[in-house]
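Q: Hi! Could you walk me through this one with me? I'd like to chat about its fold, its open spaces and its ligand.

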Amino acid sequence: MRRNLLLGNWKQNTTRASALELLGGLKAELEKSPTKTELGVIPPALFIDLAIGQQYTSCFAVGIQNISKTVKGAFTGEIGADMAASAGVKYALVGHSERRAYFNESPEDLAGKLMRCLENNLIPVYCVGEELSDRKTGNYLNVIDAQIKAVLFGLNTKDLNNIIVAYEPIWAIGTGETASAEQAQEVHAFIRNLLANKFGASGSDISILYGGSCKPSNSEELFSQPDIDGGLIGAAALNAQDFIAIANSF
Ligand code: PEP
């Protein structure tokens with residue numbers, strides 16, 4: 001169901017001590033500046049339990065950065081969707097560009113991860129985005145089209161109600177370079193249209209988040225676009241004040 005949502009992806013950052021500090025900082029910021037926006041933090045898996053602590057349940061939900069495509073068994077190092085769900089995790093990132101690029105995750109891998117999430121009532125956040133070269137040659141909508149069709153078009157309409165999409169142009173991730181509100185809106189509208197044509201109301205009713213150097217100085221303009229429902233935040237999610245300022249810019 002379409003709703004405003006802000007997720008903070010901490011990536012491979014924080015230690016136990018700094019994770020606790022950041023969680024405490026977020027709670028303190030929320031007490032000063034309460035927000036109506038639904039929030040989620042996505043810490044390293046080792047610190048998920050800290051974020052699920054009772055004192056935070058009214059502040060934010062918790063996500064996981066990666067999930068196994070397999071159900072269970074001899075897959076050393078993997079974390080299964082059933083494990084994450086049993087630990088109280090709500091969201092799972094699937095298809096983040098860093099996983100696609102550095103861990104060679106294929107569309108088949110991503111489809112498996114997505115299915116494991118849905119089977120275990122985790123909400124997958126399916127990330128798509130183009131390289132700078134595709135943006136420059138004008139091929140970017142074809143890239144997005146292929147990424148959406150390869151993984152989401154195999155789902156049924158009911159499943160689509162339980163997923164979130166994030167548009168994250170790769171050239172804007174961690175670079176300080178943000179897509180302009182118009183550039184982001186064009187792709188968000190394209191994705192919504194694609195999904196609406198395939199899945200009807202469930203497609204048009206999907207939440208589509210923007211990610212890529214989103215910060216307090218540009219979030220308001222991005223979030224005011226008709227097809228941008230929220231953000232997937234990287235660097236700015238490591239600063240409690242910035243993250244809550246972004247949450248309050250809807
Ligand atoms: C991300 O990696 O999901 C992201 C959006 O990072 P950043 O905000 O740092 O660009």
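A: Happy to; below we go through the strands, the ligand and the pockets in turn.

Q: Before that, what should I know about the model and the numbering?
A: The model is predicted, so to speak of local features needs pLDDT of at least 70 and side-chain atom pairs count only at pLDDT 80 or more, while totals for chains, interfaces and linings use all residues. Residues are numbered from 1 along each chain as its sequence is written, and side-chain values use heavy atoms, with hydrogens and water left out.

Q: Great. How do the strands run?
A: E1-E2-E3-E4-E5-E6-E7-E8 form a closed barrel of 8 strands with parallel pairing. Strands here are DSSP runs of E with at least two residues, helices are runs of H or I with at least four, and both are numbered from the N terminus. Two strands pair if DSSP finds at least two bridges between them.

Q: And where do E1 and E8 meet?
A: Strand E1 (residues 5-9) pairs with strand E8 (residues 230-233) in the parallel sense over 4 bridges. Leu7 has Leu232 in E8 as its bridge partner.

Q: Switching to the ligand: which residues are closest?
A: Lys11, His96, Glu168, Gly174 and Ser213 are the closest of the 15 residues that surround the ligand, where near means a heavy atom within 4 Å.

Q: Which backbone atoms come up to ligand oxygens?
A: A backbone N or O atom of Gly174 is 2.7 Å from a ligand oxygen, and a polar backbone atom of Ser213 also lies 2.7 Å from an oxygen atom of the ligand. For Gly234, a backbone N or O atom is 2.9 Å from a ligand oxygen. A polar contact is a pair of N or O atoms within 3.5 Å.

Q: Now the pockets. What is the volume of the largest pocket?
A: About 520 Å³. A pocket is an open set of points on a 1 Å grid over the protein atoms alone, with protein on both sides within 12 Å along at least five of seven lines, and lining residues have an atom within 4 Å of a point. The volume is the space filled by probe spheres set on the points.

Q: Who lines the largest pocket?
A: There are 20 lining residues, with Lys11, Gln12, Gln65, Asn66 and Arg99 nearest the centre. Helix H4 (residues 97-102) gives the most, with 3 residues.

Q: And the second largest pocket?
A: The second largest pocket has a volume of about 270 Å³. It is lined by 21 residues, and Lys11, Gly174, Ser213, Gly234 and Ala235 are the closest to its centre.

Definitions and conventions:
1 Å grid on protein atoms, 1.4 Å probe; cavity = no way out; pocket = protein on both sides within 12 Å on 5 of 7 lines; lining within 4 Å. Polar contact = N/O pair within 3.5 Å; in protein donor to acceptor, adjacent residues only side chain to side chain.
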